[in-house]
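Subject: Structure for your reading

Dear colleague,

Please find below the structure that I promised to pass on to you. My notes on it follow, and I would ask you to read them with the model open.

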Amino acid sequence: MRIQDYCDVAGGALQLRTPLRQFTRGEIVTDNREMLRQLELLERAGQGNVPLTILGEKGTGKDVIAQYAHRVSRRSGAPFIKTNCAYLPQERMQMELFGSASPSDRGLLSQASGGSFYIEN
């Protein structure tokens, strides 16, 4: 979808040719019926206990979908923990994820217990 498909430029301002039909799911607004169908699938999947893999190009909103999936799941009352391990050395990543031998140094996986854990890259 390109903005030129929906708008004309008049006097330097964009004007819609016809109103866009929008669907809202939480904070997600879309005019794409396939996206709406995917969000409905997330809502159904969230009632079970299944792992979720979200694939997409950089900048496509995978983190927004991950947060939405958490909010509509049975785990929504527990933490949503997000991390980016792409730039961490292996030793540091291990500490981040699993913590140390000290009981007070819980790793991110432990902090997300009962909730959702999202690794972005």
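Predicted model: local features only at pLDDT ≥ 70, side-chain atom pairs only at ≥ 80, totals over all residues.

Is Y118 buried or exposed? Y118 is buried, because its relative accessible area is 11%, and buried means under 20%, exposed over 50% and partly exposed in between, computed with a 1.4 Å probe and protein chains only.

Residues are numbered from 1 along each chain as its sequence is written, and side-chain values use heavy atoms, with hydrogens and water left out.

**Overall picture**

The protein contains 4 helices and 6 strands. These are DSSP runs numbered from the N terminus: helices are H or I with at least four residues, and strands are E with at least two. Along the sequence, the order is β-β-β-β-α-α-β-α-α-β. Of the 121 residues in the protein, 21% are buried. Among contacts (heavy atoms within 4.5 Å) with a separation of 6 or more, 48% are between residues 24 or more positions apart.

**Strands β5 and β6**

Strand β6 (residues 116-120) pairs with β5 in the parallel sense, over 5 bridges; two strands pair if DSSP finds at least two bridges between them. Within this pairing, F80 stands opposite S116 in β6.

The structure holds 1 aromatic pair. F80 and Y118 form this pair, which is stacked, with 6.4 Å centre to centre and 20° between the planes. The pair links distant parts of the chain, since F80 belongs to strand β5 and Y118 to strand β6, 38 residues apart. For such a pair, the ring centres of Phe, Tyr or Trp (its six-membered ring) must lie within 6.5 Å; planes under 30 degrees apart count as stacked, over 60 as edge-to-face and the rest as tilted. F80 itself is partly exposed, because its relative accessible area is 23%.

K82, also in strand β5, is partly exposed at 35% relative accessibility. Its C-alpha atom is 5.9 Å from that of I119, 37 residues apart along the chain. Neighbours within four places in sequence set aside, K82 is in contact with D63, Y118 and E120. The side chains of K82 and D63 are joined by a polar contact of 3.4 Å. A polar contact is a pair of N or O atoms within 3.5 Å; within protein, one must be able to donate a hydrogen and the other to accept it, and residues adjacent in sequence count only if both atoms are side-chain atoms.

Which residues make up the largest nonpolar core? The core has 6 residues in all, namely I28, L39, L42, I65, Y68 and A69. Helices α1 (33-45) and α2 (62-71) are the elements that give two or more residues to this core, and α2 gives the most, with 3 residues. A nonpolar core is a set of buried Ala, Val, Leu, Ile, Met, Phe, Trp, Tyr and Cys residues joined through side-chain atoms within 4.5 Å.

H70 is also found in helix α2, and is buried with a relative accessible area of 7%. Residues up to four places away in sequence not counted, H70 touches R75, S76, A78, P79, F80, G115 and S116.

**Two further residues**

T30 lies in strand β4 (residues 28-30) and counts as buried at 12% relative accessibility. A polar atom of the T30 side chain is 2.9 Å from the backbone nitrogen of N32.

R106 sits in the loop between α3 (90-98) and α4 (108-111) and is partly exposed, with a relative accessible area of 45%. A polar atom of the R106 side chain lies 3.0 Å from the backbone oxygen of S110.

Yours sincerely,
A colleague
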